[in-house]
Protein chains: 2
Amino acid sequence: MSAKDNLVVGQSGGPTAVINQSLAGVVQEAMKHEAIGRIMGMVHGVEGLLKEQFIDMRSLSSGQLETVAATPGAGLGSCRFKPKVEDCKNIFEVCRKHDIHYYYYIGGNDSALSAGIVNKIAREAGYELRVFHVPKTIDNDLLVTDHCPGYGSAAKYVAQCFMGNDADNRALPGIKIDVVMGRNAGWLTAAAALARVNPGDGPHAIFLPERSYTLRQFVDSVDGAYQKYGRAVIAVSEGIADTDGNTFLESDRVRAELKEMKMDAILDAFEASGKVEDLSGGAKRDAFGHTQLSGSGALADFLASATKIHLFRKYAQKFRVRADTLGYAQRSMAGVVSEVDAQEAREAGVTAVRTAMMGDIDGSICFRRVESQSGKYFCDTFRASLEDVSGVNFPAGMKQYRPMEDRLIADGDMDVTPEFVEWLRPLVGTLAPKGLIELPRKS
Amino acid sequence: MSAKDNLVVGQSGGPTAVINQSLAGVVQEAMKHEAIGRIMGMVHGVEGLLKEQFIDMRSLSSGQLETVAATPGAGLGSCRFKPKVEDCKNIFEVCRKHDIHYYYYIGGNDSALSAGIVNKIAREAGYELRVFHVPKTIDNDLLVTDHCPGYGSAAKYVAQCFMGNDADNRALPGIKIDVVMGRNAGWLTAAAALARVNPGDGPHAIFLPERSYTLRQFVDSVDGAYQKYGRAVIAVSEGIADTDGNTFLESDRVRAELKEMKMDAILDAFEASGKVEDLSGGAKRDAFGHTQLSGSGALADFLASATKIHLFRKYAQKFRVRADTLGYAQRSMAGVVSEVDAQEAREAGVTAVRTAMMGDIDGSICFRRVESQSGKYFCDTFRASLEDVSGVNFPAGMKQYRPMEDRLIADGDMDVTPEFVEWLRPLVGTLAPKGLIELPRKS
C-alpha cells in the first residue's frame, strides 16, 4: 500500500433511522488515521461506484456530518442493486483505478456477500483491499451478531406506536390490527410486546412469520381477545404464512378457507385489484390474483375485512375494525431513535475502520453481549468473517438469515416469551411512559 | 352552592397525545380549591355519566396522575356519543343527583355544543352548574381559538414522518404518497410542510380539503415533481375533494375521469371491495361502490394505482409507487409529543378551573397569541362562549368548524404559504434535525 491509500464507503438497501451514524463513524475514525488519503462516499452505493460517482467526505464539516448522522435515510443515497460476480469485478477495477484500499459497505447480508466477492477478486489479483461490512437492518435478521444496528430504533417506533394504539383502543374500544414490516423474520413485529406495561394491555396476540397459521386461527384469536377485554389490539407480521410457508395473500390454503367460510367476495375483490395492477406493468399473480403485496394496505385491509365479516356473523352486530399498515415510518421516522442503537451504529462504523488499522483485512462487525453481575446491558463488538455473516457457504436449504429462535416464541405461536422481552428491552433505549386509570369494565 | 360542591370531568371524541394533560390540569387545579368536594371522572365521557360510572380522581397519587398525563389516549375512556336534548336533560339530572356543580368536558365542538345545552337546562332549572369546555382536537378546526391542544403533537408526528419519508425517498428514489388525517380541514396535512429543511426536500405537493382537484391534477403534480427531482413525495388529506365538494372516493367526477383515462379496472376493484363490506353490515355505497372510506388504505392505494398506471403509460416503464395511510399513530403515538402542546393542554385544563373559581359560570378555553417585539412565541388563554365555539347559533350554511384561511394556502392550491409555516412552527416544539449530503443528480 502507498502512504496515502484511499477509502470508499457506501450505503445499501432499505434505510434505517441510524444508518447515517455508521457512515459518520467510518468517516470520523478514518479522519484520525494518517495512512488514509481520500475518504470517498459512493453515491447510491455500488451503483454510483460503478459510475465513479463519489462525494469527498473530507469536505464535510464535523457539524454537517453530525447533522447527517442524526438524520434517518441513507445520506449518500442507497441502492437495491444485487451485484453479480461480473459487477464485483468491475467494482474491483474502479477501486484499483482510484487507489482505493479500504472498502466499507453498510448494509444487510447481500452487502456482506458482495463485499466478500469483491474481497476474493482483489486477493486473487494480488491487490490489497481491506473490505469491511458494517451491519444495518431494521429486520434484525443478520447471522452471527446478537442484533443489528437499525433494529433498536425501528423496535422503539413499533413499541411506541402500539403503546399509543393500545391507549387509543382502550379509550374507544374496538378491534385494531397493525401490520408490521419484516417478511422473513418476526423480530420487529415481536417488538410490539414492549407496549405492554399495565394489566390487559395489548397487543393481545402477535403473529410471526416464523410460525404458520390458518385464517380461522387469526379471526378466533381476535374474537378471544374481544371476549376477554371487550376490545383487541393485534400485531401481525407482513410475512404471516400458512403451513406451506406461503404468505397469507399468496396462500392457496387461505384461499380455500375463504371459500369454506363463504367469503368468496374477498377473492373477487383481489382478482379485481390484480387487474388494476396489470395496467401498471404488474408481474406474475399470486394465489389471490394480486400482483403487488408489499407497500400497500392489502394485507391489513384483507385481515380487517375477514375479521369484520366473521364477527358480524357471529354477534349479529357491526364491529368497528380498523387496520393500519405501519409503513415507512418504521424504518425512517425522524426523532424516534433509540440512543443505544444510535451509539452502537456509530460504534460499528468506528470499529470497522479501527479493525482494518489493526491489521485485519476483511470482516463484518458484530455485537456480543457481555455478561454483567448486575444484569446491566453491555455490548462489545467483534469481527466475524464476511462468509459467515452472508451465509454464502451454508449448506443448501439452510437459512441465510436469522429467524427468531424457538425459545423466544411462546407456546401457541401467537406471542413472544418473557425471555424475548428481556433480550429486547435494552436495545430500544428510553421508552415513553404508559399510565393507566383503572376503569370499571364497560357494561 | 353548598360548601363542598362536586366536580365532574370527562373526555370525548378521538384521543390525542395530550388530552390527558388537560385532564391532569383540571384535577390538579381542582385539588387546590377548598370549595370543591369530590372530583369525579366520567368513565367513557357522558356515556359513563349517564350510567353513573365515575372514578374518584382524588384517589390517584400525583405520580399516577403525571404518568397518565404523559400517556396518549383518553385515560378516562372516551365516547363517540352525540348527546341529543333529551340526553342533556338526563346528564343534568345525574349532576343534580350527585351534587355536581362543576362540569368539565374535554373534547371537540360537539362537546362544546352538548356542554352548552346542559348549561342552558341547568339555568332554566335554577341550578347552578358551572360548565366548561376544554378544547382538544388533532384536526385543529375549532372556532375562535388560535389553535387547539392536540394539534401541535399530531403536527409534529406528521412533520417528522415526512422528514423521514423524504430522506428515505432521497436514498431510494421513487414516488411516495402519504395520506394524512383531517377530513374537513387541512391543518394536519399542511404540517407536512415543516419537513422541508434543505433544497429540494419534499413534500413536493400538498393536497388540502379546502380546495378542489381533479384526478388529472393529482397525477400531473406527481409527474411534475418526478421530472424536476427524479422522485416525488406527496402529502394528501384524506378529505381531498372534487369541485362538487365530494371526496375523491365519493366523487362522480373522479369516476368519470377514471373512465376517460381508461382506468375502469379501478372502478371494478372498488365495486368488488364494496361487496366485501356488505358482508359485514356495510351501509350505503358511495360513487365507487364502496361503503367504508376511512380507517382503511383505500384512498392511498387508489391514488397509488392511478399514478402508477399513468406513469407507466407515459414513460413505458414500471414505477416504484408506494402509499402509506399514516394511521392512528398521528393522534396517539407515544413519545412524540410537542412540549409546547403538552404545556398548553395542561394550561387549558388549569385555566378552565380557575376561570370557574373567579366567577365565570361557563365557557370554552381558547388560545390567543401575544405579540412580542422579538417575535418569540407567547400564547395566552381566554374564555369564549360555548355558543361561539360550537357555532350553534351560526347562520345556516356557515361552517361550524374552522378551515384553513385562504392566506395560508399557496396560489395553485397545492401547497401552503410561508405564513402558515411561520404560524405553525412554534406549536410543534422541538423538531428532529435533517441533514443533507449534496449528491450529484443521479444520471
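Colleague: What makes E6(A) and E9(A) paired strands?
Modeller: Five bridges join E6(A) to E9(A), and the two strands run parallel. A pair needs at least two bridges, so the five found here qualify. As an example, A:Lys176 has A:Arg322 in E9(A) as its bridge partner. Keep in mind that this is a predicted model.

Colleague: Which strands of chain A make up the open sheet, and in what order?
Modeller: There are four of them, ordered E7-E8-E6-E9, and their pairing is parallel.

Colleague: Why do you say that E7 and E9 of chain A stand at the edges?
Modeller: Count the partners. Strand E7 (205-207) and strand E9 (321-325) of chain A each have a single partner strand, so one side of each has no neighbour in the sheet.

Colleague: Let's pick one residue. Why does A:Val180 count as buried?
Modeller: The cut-off is 20 or more other C-beta atoms within 10 Å. A:Val180 has 30 C-beta neighbours inside that distance, so it is buried. You'll find A:Val180 in strand E6 (residues 175-180) of chain A.

Colleague: What does A:Val180 touch, leaving out residues up to four places away in sequence?
Modeller: Its contacts include A:Val158, A:Leu188, A:Ala192, A:Val236 and A:Leu326. Take A:Leu326: A:Val180 and A:Leu326 are 146 residues apart along the chain, yet their C-alpha atoms are separated by 5.8 Å.

Colleague: On to H10(A). How do you know that its length agrees with what a helix should span?
Modeller: Helix H10 (residues 264-278) of chain A has 15 residues, and at 1.5 Å a residue these should span 21 Å. The end C-alpha atoms are 22 Å apart, which agrees.

Colleague: And why do you say that the buried residues of H10(A) line one face?
Modeller: The buried ones are A:Ile266, A:Ala269, A:Phe270, A:Ala272, A:Ser273, A:Val276 and A:Glu277. Looking down the axis of H10(A), they fall within an arc of 165°, so they sit on one face of the helix. In general, an α-helix has 3.6 residues a turn, so residues three or four places apart point the same way.

Colleague: What do those buried residues of H10(A) pack against?
Modeller: They pack against helix H9 (252-260) and H11 of chain A, together with H10 and H11 of chain B.

Colleague: How do you know that the copies meet through the same surface?
Modeller: 100% of the interface residues of chain B are also interface residues in chain A, so the surface is the same in the two copies. The contact takes 75 residues from chain B and 75 residues from chain A. On the side of chain B that touches chain A, H6(B) gives the most, with nine residues.

Colleague: What makes E8(B) largely enclosed?
Modeller: Six of the six residues of strand E8 (residues 232-237) of chain B are buried, so the rest of the structure largely encloses it. Both faces are covered: B:Ala232, B:Ile234 and B:Val236 are buried on one side, and B:Val233, B:Ala235 and B:Ser237 on the other.

Colleague: Which strands of chain B pair with E8(B)?
Modeller: Strand E6 (residues 175-180) of chain B does, in the parallel sense over six bridges, with B:Lys176 opposite B:Val233. Strand E7 (residues 205-207) of chain B is also parallel to E8(B), over three bridges, and there B:Phe207 has B:Val236 as its bridge partner.

Key. Residues are numbered from 1 along each chain as its sequence is written. Chains are lettered from A and ligands numbered from 1 in the order in which they are written. This is a predicted model: local features need pLDDT of at least 70, side-chain atom pairs count only at pLDDT 80 or more; totals for chains, interfaces and linings use all residues. Helices (H or I, at least four residues) and strands (E, at least two) are DSSP runs, numbered from the N terminus. A residue is buried if 20 or more other C-beta atoms lie within 10 Å of its own, exposed if 12 or fewer, and partly exposed in between; C-beta atoms are placed from the backbone. Two residues are in contact if their C-beta atoms, placed from the backbone, lie within 7 Å. The expected span of a helix is 1.5 Å times one less than its number of residues. The arc is that of the directions from the helix axis to the C-beta atoms.
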